[in-house]
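Please keep the sequence and the structure in view while reading.

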Amino acid sequence: MRIVSGIICSAIAAAAAVAQAKNIVQNWDISFVDTNRGLDQPAKQGIGVNGQLPLPIVEGNLGDMLILNVRNSLNVPTSLHSHGLHLPGSNYYDGVFMVTECGIAPGSNFTYMIPLQQSGTYWIHGHTSEQNYDGLQTPLIIHDPNEPYKADCEYLLYFEDWWPLTFAETYPLLTEPNPSAGLFDQPPAALINGANANLTQPIYFEPGKTYRIRLVSMSSFPLFEFTIDDHELQVIEVDGARTKPYKTNVVRLASAQRVSVLVTAKKSMQLNYQYHVTMLGDFLPAIPGVFPSTYNGSVIYNPNASYYEADSIATGFLDELAIESYDNDSVLIPDRSLYLNATSGFMADGSTFESYNQITYKSPLVPSILSALTTGNMAKNPITYGPDTNTFVLKYGDVMEMLLWSPTNLPHPLHLHGHNFQIIEKGFTNDTTGQYRKQVSPTNAPLKRDTLFIPGDEYAIVRFPANNPGIWSFHCHITWHSGMGLFMLFAEAVDRMQATMKVPDSILEQCRLQGIKTSGNAAGNNGFNFAAAPNEPYLLTNDPLDN
């Protein structure tokens, strides 16, 4: 099965069902591209592939090998993360700058070898200096020849917000004293499938047929919603993980989230319909025509038919505690619990940063994966990775529980690399009685996903098994927030890493090209010598510049 978008769907049959595992080779020359993406904005310096934005969509089958041959034509390092892929045994291809690699040096070449061991809807994006904000991102679709949910055709819709300023231009506005000044003076516009959202393309339905629609949010900040007038959406996949069928009339996506739905076409061709994509967020300033903004596309049964007239456009979140996992895994029982307070704070000069537990992330001087592999027993001591990486060391096989706390009015879509987690409980941070606490039913198979949206002043409890040795990032996927330090690490089963994992020479060569050490602790030293390693103080709760 292959994706089509904006064209008539035909039966695309079972060609994939007999396909043999193969190499999917992509040759990407990453470079700056001046563009306005077809929007009513001035052009800015984006980051594209082979001189183009949007990037090519990547597709493969379960069992294939994705070979990403990358040339870095930027004047700064770059890296690529295959978002949602767990990469067992190959953590070094996770693509996180100074965590699992040194980045790809300017003017050099590097190859990622990504085994496609999970089917579902994913995406590839830059993971150095928030380069995805400037366009370095694209969907990754992995088909299963034995997919249990059958469809006659697929559509793919992916959503982005495109800001007039680059991330480098935006960052000072985020962190300087009096943050937010000017941040929304030049608001974003929406893109659908890489194009101006005002130019929505039609999708075509034939009576009685079933369609799979894959929805991908590559947003840097706002939420996106999708709905079709007078059509039921049946959720069958969330963040790459199959679910039991769940009926809804709208899907809301936060940054980095993905959902697949099945839609059964009407039996009649008497009417056409509309689908609606809305960019929104009650945590964003109300800007007419931007937050919110709705883009309408046609669902065509008959080019000559009139349109169904809807009274309203559906809106709302999915009930994640009601959706069940397809694999029927029961509720995990935790061995260890962590409290992670996702909150902002201040440096002594009044500059603003984001954090977990008042620790704002700063990259170490040695990639954390190399510290784990070269420091022996010290790798089990979290200080080895540097105080500003906020690393937790996990024992293999432990079930981890995280209480994720968002006590401000800022929301956080929190993404865990290398795993999916079960969603166990949600509630409000100021609910001292538990009156509004919602928990998954103990008889349900809890929903699993890799990115959970936590609205401001709310909390969630999630659980996952520490069964994937590696150094895995856990961060907010609002690009502003990750860039401001809402980022931390898990060093998972480091003894097993040391026994079984060998980092390819090609990764070490990229470090050498940039003069980055490939052994030792976060400072590149032995033992407890952390001289030169980043070591910022805990963030202050109150602005020191307030009188």
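## Cavities

The lining of the second largest cavity comprises four nonpolar residues and one polar residue, with no charged residues. The model is a predicted one, and the residues that line this second cavity in it are Tyr133, Trp163, Leu165, Thr170 and Leu183. The volume of the second largest cavity is about 40 Å³, and a search of the whole structure finds two cavities of 30 Å³ or more.

The largest cavity has a volume of about 50 Å³, and its lining is made up of Asn132, Tyr133, Gly135, Gln137, Glu160, Asp161, Trp162, Met218, Ser220 and Thr479. By class these residues divide into three nonpolar, five polar and two charged. Strand β9, which covers residues 153-162, gives the most to this lining, with three residues.

## The largest pocket

The largest pocket holds about 520 Å³ of space. Of the 25 residues that line this pocket, the closest to its centre are His86, Ala241, Asp327, Asn420 and Lys448. The elements that give two or more residues to the lining are β16 (241-248) and β27 (421-428). Sorted by class, the lining of the largest pocket has seven nonpolar, 13 polar and five charged residues.

## Nonpolar cores

The largest nonpolar core has 83 residues, of which Phe205, Ile213, Phe474 and Phe490 touch the most other members. Apart from this core lies another, of 56 residues, which includes Ile24, Leu66, Ala189 and Val366.

## Histidine 415

Histidine 415 is placed in strand β26, which spans residues 412-416. Because its relative accessibility is 1%, histidine 415 counts as buried, the cut-off being under 20% relative accessible area.

Two polar contacts involve the side chain of histidine 415: one is with the side chain of histidine 83, at 3.4 Å, and another is with the side chain of threonine 451, at 3.3 Å. When neighbours within four places in sequence are left aside, histidine 415 is in contact with His81, His83, Gly84, Asp450, Thr451, Ser473, Phe474, His475 and His477. Phe474, in this list of contacts, is also one of the residues that touch the most other members of the largest nonpolar core.

Threonine 128 lies in the loop between β7 (120-126) and β8 (137-143), and with a relative accessible area of 2% it is buried. Its side chain makes a polar contact of 2.6 Å with the side chain of serine 79. Not counting residues up to four places away in sequence, threonine 128 touches Pro77, Thr78, Ser79 and Phe97.

Serine 129 is likewise placed in the loop between β7 and β8, but serine 129 is exposed, with a relative accessible area of 52%. The phi angle of serine 129 is near 50°, a positive value in a residue other than glycine.

## Phenylalanine 283

Phenylalanine 283 is found in the loop between β19 (271-280) and β20 (293-300). With a relative accessibility of 18%, phenylalanine 283 counts as buried, since the class takes in values under 20%. Setting aside residues up to four places away in sequence, phenylalanine 283 touches Phe221, Pro222, Leu223, Asn409, Pro411 and Phe453.

Phenylalanine 205 is 78 residues away from phenylalanine 283 along the chain, and the C-alpha atoms of the two are separated by 36 Å.

## Backbone features in loops

Where do cis peptide bonds occur in this model? One joins leucine 53 and proline 54, with omega about 5°, and another joins phenylalanine 291 and proline 292, with omega about 0°. Proline 54 is in the loop between β2 (44-49) and β3 (58-61), while proline 292 is in the loop between β19 and β20.

Asparagine 193, in the loop between β10 (189-192) and β11 (195-196), has a positive phi of about 55° although it is not a glycine.

Conventions: Residues are numbered from 1 along each chain as its sequence is written. This is a predicted model: local features need pLDDT of at least 70, side-chain atom pairs count only at pLDDT 80 or more; totals for chains, interfaces and linings use all residues. Side-chain values use heavy atoms; hydrogens and water are left out. Helices (H or I, at least four residues) and strands (E, at least two) are DSSP runs, numbered from the N terminus. Buried means under 20% relative accessible area, exposed over 50%, partly exposed in between (1.4 Å probe, protein chains only). A polar contact is a pair of N or O atoms within 3.5 Å; within protein, one must be able to donate a hydrogen and the other to accept it, and residues adjacent in sequence count only if both atoms are side-chain atoms. Contact means heavy atoms within 4.5 Å. A nonpolar core is a set of buried Ala, Val, Leu, Ile, Met, Phe, Trp, Tyr and Cys residues joined through side-chain atoms within 4.5 Å. On a 1 Å grid over the protein atoms alone, a cavity is a set of points where a 1.4 Å probe fits but cannot get out, and a pocket is an open set with protein on both sides within 12 Å along at least five of seven lines; lining residues have an atom within 4 Å of a point. Grid points are joined across faces, edges and corners, and a volume is the space filled by probe spheres set on the points. Ala, Val, Leu, Ile, Met, Phe, Trp, Tyr, Cys and Pro count as nonpolar, Asp, Glu, Lys and Arg as charged, and the others, Gly among them, as polar.
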